[in-house]
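Please look over the sequence and the model below before reading on.

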Amino acid sequence: MKKLRCLVTAGPTREYFDSVRFISNPSSGKMGWHIANAAERAGWETTLVLGPSGLPDASCSRTVRVVSAQDMLEECLGLFCDTDILIMSAAVSDVRPKVRVGQKVKKADIDLNPQLERTPDILATLSQMRRAGQILVGFAAETHNVLEYAAGKLEQKNLDCVVANDVSAAGLGFASDYNRVCLVLRGAGTVDLGNGPKEILAEKLVGFIAERFVKNL
């Protein structure tokens, strides 16, 4: 049987104003890192594209480290056509400075009203390129209307599943070893995987994908 190829993205991105200041978020990359390890254990040939993180390389086939949303997009574009399963757990920054200065700007010279522009929407870009048989799983980190927004993302980006995260809950989500995971499925409602250690939830998620989607490949 063909060995399935899985692409996982994880962690934040950093969008630099100058050589030391940037826009980012508190994502640690732990959820995606555990997913990549679980996918490799499931027998999938897995590549992890990891934003800035203190985590070591995952035990998957390959770990690629990136910094910005553009970096992550370019890596994913090079890998996606040969991917069977995409799990996009990265917390990509939504905006970046229009102008980046190559050296540190002195405090007195900092622009207090910098112009911003949107970063590329990696998942939307890849979903427009999808071929028949590819499985696309997205993540939705929200503070309110979590399932509603996750369902909207599912439709807008033509996904098979969205992992909904309530990042407003104390002790769960960003920068934590614990998470709460509810899956929103196309035409099939929701599946609550509950809350617990990210390592355990990653195993549950990979197991669910294998049971629900992979058997049909």
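**A loop residue to begin with**

Asn 145 sits in the loop that links β9 to α4, a helix spanning residues 146-156. The model is a predicted one, and in it Asn 145 has a positive phi of about 45°, although this residue is not a glycine. Asn 145 counts as partly exposed because its relative accessible area is 40%, which falls between the limits of 20% for buried and 50% for exposed.

**A second residue with positive phi**

- Ala 175 is not a glycine either, and yet its phi is positive, at about 60°.
- The place of Ala 175 is the loop between β10 and β11, and with a relative accessible area of 53% this residue is exposed.

**The sheet**

- An open sheet is formed by 8 strands, which follow one another in the order β5-β4-β1-β6-β9-β10-β11-β12, and the pairing within this sheet is mixed.
- At the edges stand β5 (62-65) and β12 (189-197), each of which pairs on one side only, while the twist from one strand to the next averages 15°.
- Strand β9, made of residues 135-142, pairs with strand β10, made of residues 161-166, in the parallel sense and over 6 bridges.
- Within this pair of strands, Phe 139 stands opposite Val 163 in β10.

**Helices against the sheet**

- Helix α2, which covers residues 69-80, lies across β1 (5-10), β4 (45-50), β5, β6 (85-88) and β9, and its direction runs at about 175° to that of β1.
- Helix α5, which covers residues 198-212, packs on the sheet and touches β6, β9, β10, β11 (178-185) and β12, with its direction making about 150° with that of β12.

**The nonpolar cores**

- In soluble globular proteins, nonpolar side chains tend to be buried together.
- The largest nonpolar core here has 35 residues, and those that touch the most other members are Ile 35, Trp 44, Leu 48, Ile 85, Ile 87, Leu 183 and Ile 209.

- When neighbours within four places in sequence are left aside, Ile 35 is in contact with Val 8, Ile 87, Ser 89, Phe 139, Ala 202, Leu 205 and Val 206.
- Ile 87 is found in strand β6, and with a relative accessible area of 0% this residue is buried.
- Not counting residues up to four places away in sequence, Ile 87 touches Cys 6, Leu 7, Val 8, Thr 9, Ile 35, Val 137, Phe 139 and Ile 209.
- From C-alpha to C-alpha, Ile 87 and Ala 39 are 10.0 Å apart in space, and they are 48 residues apart in sequence.

**A buried histidine**

- His 34 is found in helix α1, and its relative accessible area of 18% makes it buried, because that label applies under 20%.
- Beyond residues up to four places away in sequence, His 34 touches Lys 198, Glu 199 and Ala 202.

**Aromatic pairs**

- The model contains 2 aromatic pairs.
- In the pair of Phe 208 and Phe 213, the ring centres are 6.4 Å apart and the planes stand at 75°, so this pair is edge-to-face, a label used for planes over 60 degrees apart.
- Phe 208 counts as buried at 14% relative accessibility, and Phe 213 counts as buried at 16%.

**An aspartate in a loop**

- Asp 57 lies in the loop between β4 and β5, where its relative accessibility of 48% makes it count as partly exposed.
- Leaving out residues up to four places away in sequence, Asp 57 touches Trp 33, Thr 63 and Arg 65, and a polar contact of 3.0 Å joins the side chains of Asp 57 and Arg 65.
- Asp 57 and Glu 199 are 142 residues apart in sequence, and their C-alpha atoms are 15 Å apart in space.

Technical notes:
Residues numbered from 1 in each chain as written. Predicted model: local features only at pLDDT ≥ 70, side-chain atom pairs only at ≥ 80, totals over all residues. Heavy atoms only, no water. Pairing = 2+ DSSP bridges. Helix = DSSP H or I, 4+ residues; strand = E, 2+ residues; numbered from the N terminus. Axes fitted to C-alpha atoms, helices over the stretch in contact; angles between N-to-C directions. Contact = heavy atoms within 4.5 Å. Phe/Tyr/Trp six-rings, centres within 6.5 Å; stacked < 30°, edge-to-face > 60°. Buried < 20%, exposed > 50% of the residue type's maximum accessible area, 1.4 Å probe, protein only. Polar contact = N/O pair within 3.5 Å; in protein donor to acceptor, adjacent residues only side chain to side chain. Core = buried A, V, L, I, M, F, W, Y, C linked by side-chain atoms within 4.5 Å.
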